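Please look over the entry below. A short report comes after it.

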Amino acid sequence: MKAAGLVAGAFLLIVGLADYSYFQNIINGYQTTLGQIGRFFSPQDQAAYSMSQTLAMVGIVLSVFGVALLIYGAAGKGKKETHMAELNGYETSQRSHHQSTIRENKIFCRYCGRLRSTSGSFCSECGKGSESSTTNLKGCIHCSATMSEDSEFCANCGRKF
Ligand SMILES: [Zn+2]
Ligand SMILES: [Zn+2]
């Protein structure tokens, strides 16, 4: 969408400038002394002259639109990249936060996903025990830690299965 705006902007700018310079040339021709006399005597020349003025104006308008589209496209693109960088930064800080808390003897509860202490056999947040009802295991798709199959959250990274 933004790239399309840039292409359309460049296209309008080129067409607009070409249009303007073409008709400005004609206008210059009519503005010579000879051209002015011709216009005075010929209504056709007068009509062509004012038509050229209008079309040169259209060229200017097209160019202005083209420049506006280019600026809009470039600004939009920049904004998107900044936004992505912010998102990446947020994601990284969240992850390192998780990892540092795990080092402080805390894990994520397999049932409610909240941080709980590794000591004690019951979660201090939801009250469920840490023993699992099955010996089957499954891997976390986010951090590839292995959890018992009845886990609803990954105890290592805290994300929902
Ligand atoms: Zn819990
Ligand atoms: Zn995980």
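The report covers the basis of the model, its layout and a few selected residues.

## Basis and confidence

This is a predicted model, in which local features need pLDDT of at least 70, side-chain atom pairs count only at pLDDT 80 or more, and totals for chains, interfaces and linings use all residues. Residues are numbered from 1 along each chain as its sequence is written, while chains are lettered from A and ligands numbered from 1 in the order in which they are written.

pLDDT is the predictor's confidence in each residue, from 0 to 100. Its mean over the protein chain is 82, and 81% of the residues reach 70 or more. Confidence is lowest in helix H3 (residues 43-103), with a mean of 74. It is highest in strand S3 (residues 137-139), at 94.

## Layout of the chain

The protein chain holds three helices and four strands. These are DSSP runs numbered from the N terminus: helices are H or I of at least four residues, strands E of at least two. The order from the N terminus is α-α-α-β-β-β-β.

Of the 161 residues in the protein chain, 11% are buried. A residue is buried if 20 or more other C-beta atoms lie within 10 Å of its own, exposed if 12 or fewer, and partly exposed in between, with C-beta atoms placed from the backbone. Two residues are in contact if their C-beta atoms, placed from the backbone, lie within 7 Å. Among contacts between residues at least 6 apart in sequence, 46% join residues at least 24 apart.

## Helix residues

Phenylalanine 11 lies in helix H1 (residues 2-30). It counts as partly exposed because it has 13 C-beta neighbours inside 10 Å. Its C-alpha atom is 9.0 Å from that of serine 63, 52 residues away along the chain.

Alanine 56 sits in helix H3. It has 19 C-beta neighbours inside 10 Å, so it counts as partly exposed. Leaving aside neighbours within four places in sequence, alanine 56 contacts Tyr20, Phe23, Gln24 and Ile27. Between alanine 56 and glutamine 24, 32 residues apart along the chain, the C-alpha separation is 6.1 Å.

## The cysteine core

Cysteine 109 is in the loop between strand S1 (106-108) and strand S2 (115-117). It counts as buried because 22 C-beta neighbours lie inside 10 Å. Not counting residues up to four places away in sequence, cysteine 109 touches Arg114, Arg116, Cys123, Glu125, Cys126 and Phe153. Cysteine 154 is 45 residues from cysteine 109 in sequence, yet 7.7 Å away in space, C-alpha to C-alpha.

Both cysteines belong to the largest nonpolar core, whose five residues are Phe108, Cys109, Cys123, Cys154 and Ala155. Such a core is a set of buried Ala, Val, Leu, Ile, Met, Phe, Trp, Tyr and Cys residues joined through C-beta atoms within 7 Å. With residues up to four places away in sequence again left out, the contacts of cysteine 154 are Phe108, Cys140, His142, Cys143, Ala145, Met147, Arg159 and Phe161.

## Two loop serines

Serine 130 is in the loop between S2 and S3. It is partly exposed because 16 other C-beta atoms lie within 10 Å. The C-alpha atoms of serine 130 and glycine 120, ten residues apart along the chain, are 8.5 Å apart.

Serine 144 is in the loop between S3 and strand S4 (146-148). It has 10 C-beta neighbours inside 10 Å and therefore counts as exposed. Serine 144 is not a glycine, yet it has a positive phi of about 60°.
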